[in-house]
Amino acid sequence: MNVAQAAIPQSIGAEAMPDKETCLKLYSRMLLIRRAEECLARLSQEGKFPGAVHLYIGQEAVAVGICSVLEIRDWITSTHRGHGHFLAKGGELKAMYAEIWGRADGICRGMGGSMHVADFSKGILGANGIVGGGFAIATGAAFGAKLRADGRVAVCFFGDGAANQGVFMESMNVSSAWELPTIFVCENNGLSEFTISSTVTGGALVDRARAFMPTTVVDGNDVLAVRAAAEKAVARARSGKGPSYIECTTYRIRGHLEAEEAFLAGGKYRTAPEIAAWQTAERDPVTRFESFLGRQGMADAATLGKIQKDVAEAVEKAVAHAEAGEPADTKLAYSLMFAGQEA
Ligand SMILES: Cc1ncc(C[n+]2csc(CCOP(=O)(O)OP(=O)(O)O)c2C)c(N)n1
């Protein structure tokens, strides 16, 4: 399916309507991810930090909807597009920015950068530059939870491109055979780098999972629909019944990575109208939820304005913090790479 042609959903999923406080938290977390990434897009172009960033803009409802039903002790594995997962699971924006800026007080002491943000204390097992790298890690975390019988669940976020890696099948097989509390969350944005995924993918991804576990395909730009699906999967996993697969239909608004024009050298893999079709008020996960909150009488202009101001301030403070930080310790980098040797 060309995701750009997917039907525009008419309503926000209202199956399990959370209370006002929860809804405002969902909104403010999605907005934080959006604003933090818009800022990264801008500063990346200005060359303010080293390395590439792969932005999550357009997919915020997936990370936030799923993580909103997780506990801190639950595990997640992420992808190369990992900022949204990190922030949705409770990672600190300041620590993430410091990491992206290569600072000594970054969440991984500046050793990992954007593609390796991790915080085990929050259950974040890490972003990952290896496409499909999270499948076996999440399955292993779920296996650990099963052995300890501690009731934790492990969520594996992955893209439709990653679903073509063989380890996807192996991880689903083991999770199913051993009834592990693994939750596979496919973010189907229809794109794999500069390739339209459907041109390199046989069949429907959900059919691969259907052989092993309960599956659902939801509107990934509807935070409440994602959350409702996650609630079911988490309940099943916690009660020892085994894994689930949730496929979220969504779209990546920014390029595969910032500065993708340089890679494409004039080439194109999608059109401006296709991108614009996902940025309408009805489809954009953030503006759509914002108008929903208004319609439900959950947030007036003053409430939304306060959240927007708080988010803007948090982003501003995180930039100032990252810019003022000490550079990462290069000697430490060397000794971590070559154990026992001095630089
Ligand atoms: C093992 C491996 N193969 C190839 C790549 C290069 N690569 C980086 S992202 C990507 C496509 C990923 O697509 P998808 O999983 O759908 O995630 P999305 O970028 O859409 O979020 C590829 C092929 C890689 N990083 N790792």
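Visitor: How is the relative accessible area of F143 to be read?

Guide: The value is set against two cut-offs: under 20% a residue counts as buried, and over 50% as exposed. F143 has a relative accessible area of 33%, so F143 is partly exposed. The model is predicted, and every value discussed here is computed from it.

Visitor: In which element is F143 found, and which residues is F143 in contact with, leaving aside neighbours within four places in sequence?

Guide: F143 belongs to helix α5. Once neighbours within four places in sequence are set aside, its contacts are W178 and L180. The C-alpha atom of S175, 32 residues away along the chain, is separated from that of F143 by 8.0 Å.

Visitor: Which class, buried or exposed, does K25 fall into?

Guide: K25 has 54% relative accessibility and therefore counts as exposed. This residue is found in helix α1, which covers residues 20-45. From K25 to T330 the separation is 305 residues in sequence and 39 Å in space, taken C-alpha to C-alpha.

Visitor: What is the relative accessibility of H83, and where does H83 lie?

Guide: H83 lies in helix α3, residues 83-88. Its relative accessibility is 0%, so H83 counts as buried.

Visitor: Which side chains make polar contacts with the side chain of H83?

Guide: A polar contact pairs N or O atoms within 3.5 Å. Another, of 2.8 Å, joins the side chains of H83 and S114. Beyond four places in sequence, H83 is also in contact with residues including L40, V53, H54, L55, M96 and I100.

Visitor: How many residues of helix α2 are buried?

Guide: For a helix, the count of buried residues is compared with the number of residues in the helix. In α2, residues 60-67, eight of the eight are buried, so this helix is largely enclosed by the rest of the structure. The buried residues are E60, A61, V62, A63, V64, G65, I66 and C67.

Visitor: Why does the spacing of residues along an α-helix matter when one reads which way they point?

Guide: An α-helix has 3.6 residues a turn, so residues three or four places apart point the same way.

Visitor: Where is the place of A118, and is A118 buried or exposed?

Guide: A118 sits in the loop between α4 (93-100) and α5 (134-148). With a relative accessible area of 14%, A118 is buried. Not counting residues up to four places away in sequence, A118 touches F86, I107, C108, I124, L125 and G126. A118 and T77 are 41 residues apart in sequence, with 9.0 Å between their C-alpha atoms.

Visitor: What does the secondary structure of the protein come to, and how does the radius of gyration compare with the globule rule?

Guide: The protein has 13 helices and seven strands. Its radius of gyration is 20 Å, close to the 20 Å given by the globule rule for 343 residues, so the protein is as compact as a globular protein of that length. Along the principal axes, the C-alpha atoms fill a box of roughly 55 × 50 × 45 Å.

Visitor: What percentage of the residues count as buried, and what percentage of the contacts join residues at least 24 apart?

Guide: Of the 343 residues, 52% count as buried. Among contacts between residues at least 6 apart in sequence, 76% join residues at least 24 apart.

Note on methods:
Residues numbered from 1 in each chain as written. Predicted model: local features only at pLDDT ≥ 70, side-chain atom pairs only at ≥ 80, totals over all residues. Heavy atoms only, no water. Helix = DSSP H or I, 4+ residues; strand = E, 2+ residues; numbered from the N terminus. Rg over C-alpha atoms; globule rule 2.2 N^0.38 Å. Buried < 20%, exposed > 50% of the residue type's maximum accessible area, 1.4 Å probe, protein only. Contact = heavy atoms within 4.5 Å. Polar contact = N/O pair within 3.5 Å; in protein donor to acceptor, adjacent residues only side chain to side chain.
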